Each structure stands twice: as C-alpha cells, then as structure tokens.
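Here's a quick tour for anyone meeting this structure for the first time. Have a look at the sequence and the model, then read on.

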Amino acid sequence: MLQQMASVSFISHALPTSSIFSHFCRRKSFLEGSRICRRYLSPASQSYDLVVIGGGSGGLACAKEAASLDKKVAVLDFVKPSPRGSVWGLGGTCVNVGCIPKKLMHQAALMGQATEDAKHYGWQVPEKIEHSWDTLIEAVQNYVRSLNWGHRVQLNEKKVQYYNGWGMFLDDHTIHAKLKDGKEEILHAKNIVIATGMRPRYPSEVSGAIEHCISSDDIFSLRKPPGKTLIVGGSYVALETAGFLQGLGFPTTVMVRSICLRGFDQQMSSLVTDHLSGEVGVDIRWKSVPLSVNKQTDDSLTVRWRDESCKEHEDQFDTVLFAIGRDPQTRNIGLGNTGVQLAPNGKIVGFAEQSSVSHIYAIGDILQGGIELTPVAIKAGKLLAHRIFGASEKYFDYSSVPTTVFTPLEFSSVGLSEESAIERFGEENLEVYHSFYTPLEFTVSSRPASSCYIKAICEKKGKQEILGLHLTGPNAGEIMQGFAVAFRCGLSFEDLSESCGIHPTSAEEIVKLNITKSSGEDPTVSGC
C-alpha cells in the first residue's frame, strides 16, 4: 500500500479569541503584511482532543479509534488534482488509486486468462472475446465511490468531525484550514497525527513527462482505453499495472533503469519478471531511461530513450505512465512553522510514530523507517490512538509484516529476503529450503509453471527458525496471510515439517518443503 495527500485538522486549546489573533499577528514571519491577519479578525475556531491530517486508511483508522475512546476528534482531508486533473473522494490512496482498484483490475485480467483455460475444461468459449474498458472503469469507480461514502458515514456515526479542506500549520498547535467551499477556520490541537501519505513522482529531467504522461493517480479512472502503453519504472506499481494492462489486451512495455522490486528478494523478483515477459507477454526494456515524450497531432506520444550502451531509440505509444516512486506530502503543509524534523527525503523523523515534537505524530507512508503498506498504517494508527489517550502501551511490530505483489503470477512474502538474511546472519548460518511446484489448476490447461516457487530461509541451528518465507503462484496473498500469523509466533522449519497439508492445494507445498539449496538437488516437485 499506495495514501492520498490530505489537508490538516487540529485540536484547540481553550484560548480567548482575542489572544488567538494577537498570537497569530505577532508571528510576523508568517502573517505580517498579508491578508491573513485581516481575515482572522473574526475567524471560526474549533477545539478537539485529536486532529488527524489526512483521510487515508491510517488517518481514518486512528481518528475512529480515538473517537471510540470518547475523545473529540476531527479529520481534515483534501486532494489536490494530479497533473492530468484526477481527483477522488475520502479514503486515501488505497481506496481510490491504489490497493482496491488495482486488485479489481488484477481480477479482471485473471478472468480473461480463465476464459482461455476454460476451453481445456470443456467450456465452449467463442474464439473472439472482447473486453470493454468503459464497463470496467465504471464498475471500479462505482465501487470506489461506495467506499468513499461509507467512510463519510462511519465518521458521522463515530461523531468525528470531517473537514474537506487544506490545512497549513501556523505553529505546533494551530492550523489554518481552507475548506473546499472557500470558508476558512482556525483549528488548535492538543495532539496532531499527520497521515498525509505520498503522491507519484514525475522526472523533471524528462521533457514532456508532466505535460503528457499519467501515473497511478490517473489509470483507474482513465476514460479512454490506454491502448499501447509504456510504463516507466521497476516498482511493484509498475509491474502490477503492466500485468493487468497486458492481460486486458493492451500491448505493454516496461522500461527499467536498473532492477525491479528493489527491497524485495531478488530471486523472487526475477521469477516475477520472467513470467511477465514470458507467459504474459510484457516487453521489458532493461537498463533503459526515457529522454523525452512528445505529443503528436493524432494524440499519440513519441518516446525517445537511451539503453545501457548509450544508443538512443524511439517509439510511439498511446499512453505513458510513470511509476518511478512516490514523494511524501509533508513539504507544503507548513511544517516549517513547527519543530517537526524531516529527513532529506521529506519523511518525518521520529520514534514509534512520535515526531520530534511530543504531541505531533506521523503514521503511514510518511514515517521515516516505516513500511509503505495500508494495513501497516491502519494497525499503527489504531495502536497510536490508544497510546495517546492512555488506553494501552502497545506498539506496532514492523518486523513481521507480510505483503503481496499482485502481478499476474502473485508474489507474496513475510520476513527477510535472502539477501538481507545473508547480510544479517551470514550465509554459513542459514539453510534455505525451496521447491518449484505446479498448481493443480495449471495442469489440464498446460499453463507454464516454471515461475511457481517457494522458499523458506531458516537459521541453521536448533529448530531452524524461519527468517523469511516467499511464494510465487496463484492466490499467493491468500496463502501467505495464514503463514504470516504463524511467522509472527516464531514459526520454525520443524513446525512446518510436522504440519499436515491440505490436499490438493498450492499451500500444502510449503509444509512439504524438504530440499535445501546447499544440497544442490533438483527442487522440482513431482507427483502428488
């Protein structure tokens, strides 16, 4: 998980109105000579126990949890349009332009593959099956809008005040909120949680990138079918998007500067990209960088790029999407007027979600050293609300977080990559159990299974505690969720080998692991 830029909401101290405005007007660096001083002679002012800046998954979870503790809470959220003009409702990146629409698009592409497999199972499927992009987009957006409305309803039921507006810190406790309807309010906060998320980055060095290209902010509401598409980047966003676009019948090219899925296990990454370029048919251009994007009179885009040998190339595309990374939305909410410390990358520096200011916190993607996943933000936000108001001292455990890359062949993992395990423990202290397997559903249709793989990275000593578990295959995310619970409880290889599998499933191949990398034996599973 992908969280939208949101505006600020805050809690107020019980200060007399005259004191508030005198305090503001004394802040010459921010107010003197501006219209703000004059405008604040009669402001609306509100006071809360907690104000959350950002209406994404983490921010909303934190706000609702605090409200359940009988605290007065507000959420302030506002979405600035993408360079292509895309906007959305309450709920953040995950709901609007991330996890939810991505998974639905992924499912749409899998259904296309299923129609091909169906022929081998006796279904009389017409040779030519057409897909309607318009129908898909309308269905996805209708569901997203239902979630937007659901969040509004939940906030109302929890008595959380929702402000659809943009906020700027005036100081450590005070926010100037400019609402969507043009009204302005002053909000003061005893405790503030910043959950403003991240937005896609465009390369400033590529001419035409901002003017003519899109990002993940736009693809899920794109009214015109994307046609022949170039995706720039090797992130999970790039690979997932390439997978479902190619699966929906749009010729897709991925341009990668160096490696794919940085931070993930690189053996698993290679299996994912091998499947994308092989079975799925995505054209991957390795070690290439775009130079320019120019729009033609027929609205097609001419892209010029350079490969690793410094040779330049050119091709035409209907759509160009950049997925080269995301930037935290922290530099334009007035944090310079607070004591909150930012890392060079713009993320908020802190410990256990607390920033350098004792009553200001950060959750989700903007937290330095955190994990950019929706469930992480949700769980951390709930626990934080309980800590702020003394209901608990529990902290979120960032060490045992599972995740899934929803490429056509899903990749799911929990724990350390093999590279990280070797760096931390030394290769001589590890044992890696692995297998290549064939999902039963692939057999009748003769679908290639060369990228279906499992590995468990274990300590060599004792019961061989599992340090990392990795899986590529259909429904990998559904499989890994259960193993992630066991992993958090100290799962060992001994536990795996003593467990009984569920037959016939792909999941049982995990408990059947028995061949080590160090043995050099063929890890391909044969028979039942």
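How much space lies in the second largest pocket? About 680 Å³. What you're looking at is a predicted model, where local features need pLDDT of at least 70 and side-chain atom pairs count only at pLDDT 80 or more, while totals for chains, interfaces and linings use all residues. Residues are numbered from 1 along each chain as its sequence is written, and side-chain values use heavy atoms, with hydrogens and water left out.

**The second largest pocket**

- A pocket here is an open set of points on a 1 Å grid over the protein atoms alone, where a 1.4 Å probe fits and protein lies on both sides within 12 Å along at least five of seven lines. Points are joined across faces, edges and corners, and the volume is the space filled by probe spheres set on them.
- The lining of this pocket has 30 residues (each with an atom within 4 Å of a point). Nearest the centre are Ala-109, Gly-112, Gln-113, Gly-247 and Leu-248.
- Three helices, α6 (99-120), α10 (236-247) and α11 (266-280), each supply at least two lining residues. The largest share, nine residues, comes from α6.
- Helices (H or I, at least four residues) and strands (E, at least two) are DSSP runs, numbered from the N terminus.
- Sorted by class, the lining has twelve nonpolar, twelve polar and six charged residues. Ala, Val, Leu, Ile, Met, Phe, Trp, Tyr, Cys and Pro count as nonpolar, Asp, Glu, Lys and Arg as charged, and the others, Gly among them, as polar.

**Helix α6 meets α7**

- α6 also packs against α7 (residues 133-157), at an angle of about 145° and with the axes 10 Å apart. Axes are lines fitted to C-alpha atoms, for helices over the stretch in contact, and angles run from 0 to 180 degrees between N-to-C directions.
- On the α6 side, the contact (heavy atoms within 4.5 Å) is made by Ile-100, Pro-101, Leu-104, Met-105 and Ala-108. From α7 come Trp-133, Leu-136, Ile-137, Val-140, Tyr-143 and Leu-147.
- That makes eleven nonpolar residues, with no polar and no charged ones.

**The three-stranded sheet**

- Three strands form an open sheet in the order β12-β13-β14, with antiparallel pairing. Strands pair if DSSP finds at least two bridges between them.
- At the edges are β12 (289-295) and β14 (312-317), each pairing on one side only.
- On average, neighbouring strands of this sheet are turned by 20° against each other, direction ignored.
- Between β12 and β13 there are six bridges, and Pro-290 has Trp-305 as its partner in β13. Five residues separate the two strands of this hairpin, and Asp-299 in the turn has a positive phi of about 75°.
- β13 (residues 301-306) is joined to β14 by six bridges as well. Leu-301 has Phe-317 as its bridge partner, and Thr-302 has Gln-316.
- The hairpin of β13 and β14 has five residues between the strands, with Cys-310 taking a positive phi near 70°.

**The four-stranded sheet**

- Another open sheet runs in the order β11-β10-β9-β15, and its pairing is parallel.
- Why is one side of β11 (283-286) and of β15 (319-322) left without a neighbour in the sheet? Both stand at the edges, so each has a single partner strand.
- Four bridges join β9 (residues 229-232) to β15, and the partner of Thr-229 in β15 is Thr-319.
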